[in-house]
Amino acid sequence: MKKDNFEIAVFAGDGVGREIMNEALKVLRLISDRRKIKLSIAEGYVGGSAYDLFGVPLPQQSLDLAMHCDAVLLGAVGGPAWENLDYSLRPERALLGLREKLGLYANLRPVTVFDELLDASPLKKSVVQGIDIMIVRELTGDVYFGQPRGVTKGQDGKRKGVNTMVYTEDEIARIAVRAFEIALSRKRNLLSVDKANVLETTELWRTVVTEVGRNYPEVTLKHMYVDNCAMQLIRNPAQFDVIVTTNLFGDILSDEAAMLTGSIGMLPSASLGKDSALYEPIHGSAPDIAGKNIANPLATILSVALMLRYSLAMPEDASLVEKAVAEVLKEGFRTQDIYSEGNKLVGTEEMGNQIITMLKQLLN
Ligand code: IPM
Ligand code: MG
């Protein structure tokens, strides 16, 4: 029997997190009401707001909550108030801790351009029109977690900083399998991005991805060095279907790819593990515009769509949410980050309300 009862952990986080989360939750509640799905939504603290209350960015009770839920929805973390804290206490550690503890090794960052926003892209329309890329970023390995790490003082009294890029073949193989499976459901082109001409770790990456590829003869696998990929994303992004890459390269390339779409405020993400999943916009907490009701809630709303698709087995409703976003953009509603002349400038809350109105029509 299809499951109709889900527990969702919600962490609004810092900065604009609360505002964008309010709008995303409206969408989630509307869908669950209409589809008679029982959702238990439990809110918790992570990031700087958790530090202020509990002295740590990822309190045990938040971690416990995330661990026993079906899925986590997260706003954003970070801000100037916490920038000078020790590394281990910074808001970003909450994200890294959740990724590590929940084993969220596969980070999916879909990059699509809504036709209505072609003008918002800094690149020519002809370059970005129709792009549809899925970046699959490995999320629990690489220099982000490798040991040894840290800053030490050598015998000469000079400081030395060390981070370690490390991947085991099992870590590479499991992300490769995910990426090949995703490629199978799309245009069947997979590009693996590495720096195999310089880094042994990614030479292994290339070898293992190729080995895994033998089980997927229907998928065309290619390899590219990361510097070239950074260039190709600007030169001809339409050539890409699925990109699989390491944690650090994926971090950088996904920000670059986000900008093709005009605003980082548009892009959702899903981080998937064996038994857990976390959904969040790829943008940060934007402290400069927090509390002003001007942040773009669409990336978080689109993250709800990903949650419906990957965790709640409701792919049709996921597509409806995505359609609602496209339709509202078609009607000319824009938050300030994607505004261009001739359109209707709206705030965070009104954008959320427009999505709700549209979704109600689509659900009828
Ligand atoms: C991201 C962010 C994080 C990362 C930071 C906030 C730790 O940039 O999710 O892309 O580097 O992974
Ligand atoms: Mg990043």
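Let me start with helix 10, which gives the most to the lining of the second largest pocket, with four residues. Helices (H or I, at least four residues) and strands (E, at least two) are DSSP runs, numbered from the N terminus. A pocket here is an open set of points on a 1 Å grid over the protein atoms alone, where a 1.4 Å probe fits, with protein on both sides within 12 Å along at least five of seven lines; lining residues have an atom within 4 Å of a point.

Before going on, the conventions. This is a predicted model, in which local features need pLDDT of at least 70 and side-chain atom pairs count only at pLDDT 80 or more, while totals for chains, interfaces and linings use all residues. Residues are numbered from 1 along each chain as its sequence is written, chains are lettered from A and ligands numbered from 1 in the order in which they are written, and side-chain values use heavy atoms, with hydrogens and water left out.

Back to the second largest pocket. It holds about 340 Å³ of space, a volume being the space filled by probe spheres set on the points, with grid points joined across faces, edges and corners. Its lining has 16 residues, and Pro-110, Thr-112, Leu-306, Arg-309 and Glu-322 are the closest to its centre. Strand 4 (106-112), strand 5 (132-138) and helix 10 (298-310) each supply at least two residues of that lining. By class, the lining has 10 nonpolar, two polar and four charged residues. Ala, Val, Leu, Ile, Met, Phe, Trp, Tyr, Cys and Pro count as nonpolar, Asp, Glu, Lys and Arg as charged, and the others, Gly among them, as polar.

Where does the second largest pocket lie? Domain 1 (1-107 + 268-364) and domain 2 (122-261) both give residues to its lining, so it lies between them. The domain bounds come from an automatic or database domain assignment.

Now the largest pocket, with about 980 Å³ of space. Its lining is made of 43 residues, and Val-77, Glu-92, Leu-95, Asp-251 and Gly-284 lie nearest its centre. Two or more lining residues come from each of strand 3 (71-76), helix 4 (92-102), strand 6 (150-153), helix 9 (247-260) and strand 12 (277-281). Helix 4 gives the most, with five residues. The lining divides into 19 nonpolar, 12 polar and 12 charged residues. The largest pocket lies between domain 1 and domain 2, because both give residues to its lining.

Next, helix packing. The axes of helix 10 and helix 11 come within 6 Å and cross at roughly 160°. Axes are lines fitted to C-alpha atoms, for helices over the stretch in contact, and angles run from 0 to 180 degrees between N-to-C directions. Helix 10 is therefore roughly antiparallel to helix 11; angles under 35 degrees count as roughly parallel, over 145 as roughly antiparallel, 65 to 115 as roughly perpendicular and the rest as oblique.

Helix 11 (residues 315-330) and helix 12 (residues 348-363) have axes that come within 9 Å and cross at roughly 125°. That makes helix 11 oblique to helix 12.

Finally, the backbone. The peptide bond from Gln-147 to Pro-148 is cis, with omega near 0°, and Pro-148 sits in the loop between strand 5 and strand 6. Asn-293, in the loop between strand 12 and helix 10, has phi near 60°, a positive value in a residue other than glycine.
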